[in-house]
Amino acid sequence: MRPDPAALPSTVPERPRGQRMVASSTLAVFLVLFFVSTWQTGFSLSDLWIGTGDFFRFFGRLVPDLSYLPEVWAPILETLQIAYLGTLFGTSLALPLLFLASANTSTDRVTLAVARTVLTVLRSIPDLLYAALLAPILAIGPLPGVVALSLFSMAVLAKLGSETVEAVDPGPMEALRASGAGRNRVIVYAVVPQVAATMTSFVLYIFEINVRASVIIGLVGAGGIGEQLLARLNFFAYGDVSMIIVVIFVLVLAIDALSVWARSRLI
Amino acid sequence: MPAASTPHAPPAPPAAVRRANLARAGLVALILLLAVLTLVTLDLPPLERIVRGLRNNAVPLLRGFIRPNWHVAPLALSSMAETFFMAVIGTTIGGVLAFPLSFLAAGNLLGGTRYAVPGKTILVAIRTFPEILLAIIFVAATGPGPTAGIMAMGIHSIGFLGKIFADVIEGIDPGPNEAIRATGGGSLQVFLWSVVPQVLPEFASNLLYRFEINLRAATVLGLVGAGGIGLPLIQRLQFRRWSEVSMLLLVIVAFVIVVDAISGRIRRRLV
């Protein structure tokens with residue numbers, strides 16, 4: 001039976017005053033921040049419009065030059081190699097660190113605090129910046145790329161991993177401890193089996209991130225396809241540039257799809 | 001219980017477990033083999049070149065890093081502020097444009113999964129494109145400066161935010177929608193009084209999360225001339241003025257950590 005419409009209040013009940021205050025002050029803070037930002041950066045909405053137009057016009061000029069394709073393979077392979085090694089080294093470095101950075105497996109509170117701080121600082125620097133920093137020191141080429149990606153992957157993976165480790169069921173850990181196992185055995189037999197699948201999935205995720213990163217670190221001289229992209233762009237060789245962009249696009253898409261498939265089978 | 005029935009060695013694993021272990025060992029061997037192959041074929045500089053590079057740079061670098069040059073502090077702060085403002089606008093553009101797209105990409109509101117496919121495809125395509133590549137294209141198309149970086153960030157954020165927003169929309173409780181329809185509400189009322197209140201906290205939380213990502217990304221956009229602290233940084237890197245690089249990095253790290261902490265606290269209260 002439908003209720004008599006006339007008996008129902010005709011308007012939506014008002015929200016409590018406190019809630020309205022929070023909502024409107026949040027909006028006000030955001031609007032002020034946004035307008036200060038546009039004023040400080042000189043950005044205007046018309047730029048958005050003009051920029052989009054320019055962008056599509058630029059895209060219109062990008063016609064892939066298929067004859068350039070054979071020259072893309074070698075740097076693309078190098079890109080993948082950098083991502084692969086970066087992921088592998090980053091993972092190897094992260095594994096011992098992440099247990100030190102988890103409250104339930106760390107050795108003591110000082111180590112925990114130090115490990116967490118180091119990871120937070122390392123994570124606040126983007127991978128491209130590491131590459132830019134390392135390229136002048138380690139010679140232009142894939143080496144600074146590998147080191148940069150290893151460092152960044154280590155920090156991100158250790159952070160994700162320590163969150164997972166902190167969420168494990170403490171039961172098995174206590175059981176092992178009760179039977180006299182030390183810290184290492186507790187980690188190997190009680191924690192690792194619980195986090196292995198999730199960690200593997202994180203490693204695949206890091207590999208995805210690293211492939212994206214290794215595509216661009218060449219811009220700062222750290223190896224991979226980015227170097228060639230920048231060179232062709234400086235020559236205004238748009239046919240070659242768009243060929244490279246297409247290959248990058250397909251590569252990232254393929255790696256993502258592969259990784260998503262592998263991860264869906266893991267968990 | 002007799003002592004003999006408590007074996008010292010753990011029982012042998014069943015056949016299925018042994019097979020799984022064997023497969024895992026094979027996978028590890030394959031990964032290591034690939035690593036060795038990669039190391040051998042990768043075009044690495046000779047060891048002596050690496051040692052020379054380290055010897056020539058490591059000491060000045062460390063010396064510079066321990067003593068950040070405070071003369072560049074004002075420049076570091078003002079260009080980091082620009083970076084911050086760029087991230088604010090970029091995230092806002094991304095959020096505003098992702099909002100309608102996410103409803104197209106969600107399979108539950110606008111008439112079924114069939115219609116969601118084009119929306120989802122567009123979002124994947126946008127996400128796949130590296131941000132810095134977009135920045136290069138915008139610098140080439142509209143000229144250098146923060147506007148190019150903002151545009152790149154805005155567009156790239158659409159892909160990420162659109163996907164997350166669509167996931168949130170697909171996860172809403174249909175109960176309130178039906179309740180509003182049952183009391184005679186139309187689509188607009190359902191949208192305003194059921195969908196929006198349900199998705200808003202999650203949307204806001206993910207916007208903040210994306211802002212954290214964008215702030216980090218914005219620090220490197222300057223490397224390709226798209227505004228922000230990256231430009232003064234790369235200039236000093238090229239001339240190996242380590243103490244000035246150190247100051248700029250210090251400001252980046254401090255800024256990013258503080259913004260992360262604040263944003264993280266707000267996000268925990270939101271969801």
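The legends below describe views of a predicted model.

Residues are numbered from 1 along each chain as its sequence is written, and chains are lettered from A, with ligands numbered from 1, in the order in which they are written. In this predicted model, local features need pLDDT of at least 70 and side-chain atom pairs count only at pLDDT 80 or more, whereas totals for chains, interfaces and linings use all residues.

**View 1. Chain B holds 10 helices and 0 strands.** Helices (H or I, at least four residues) and strands (E, at least two) are DSSP runs, numbered from the N terminus. The C-alpha trace of chain B spans about 75 × 75 × 40 Å along its principal axes.

**View 2. Leu128(A) sits in the largest nonpolar core.** Such a core is a set of buried Ala, Val, Leu, Ile, Met, Phe, Trp, Tyr and Cys residues joined through C-beta atoms within 7 Å; a residue is buried if 20 or more other C-beta atoms lie within 10 Å of its own, exposed if 12 or fewer, and partly exposed in between, with C-beta atoms placed from the backbone. Of its 135 residues, Leu128(A), Ala135(B) and Phe138(B) touch the most other members. Helix 8 (residues 183-216) of chain A gives the largest share, 14 residues. Not counting residues up to four places away in sequence, Leu128(A) touches residues including Ile216(A), Ile132(B) and Leu223(B) (contact: C-beta atoms, placed from the backbone, within 7 Å).

**View 3. Helix 2 of chain A has Asp47(A), Gly51(A) and Phe55(A) buried.** Seen down the helix axis, the buried residues fall within an arc of 70°, so they line one face; the arc is that of the directions from the helix axis to the C-beta atoms. These buried residues pack against helix 5 (131-142) and helix 6 (146-170) of chain B. Exposed residues on the face turned away from the buried side include Trp49(A) and Arg57(A).

Conventions
Two residues are in contact if their C-beta atoms, placed from the backbone, lie within 7 Å.
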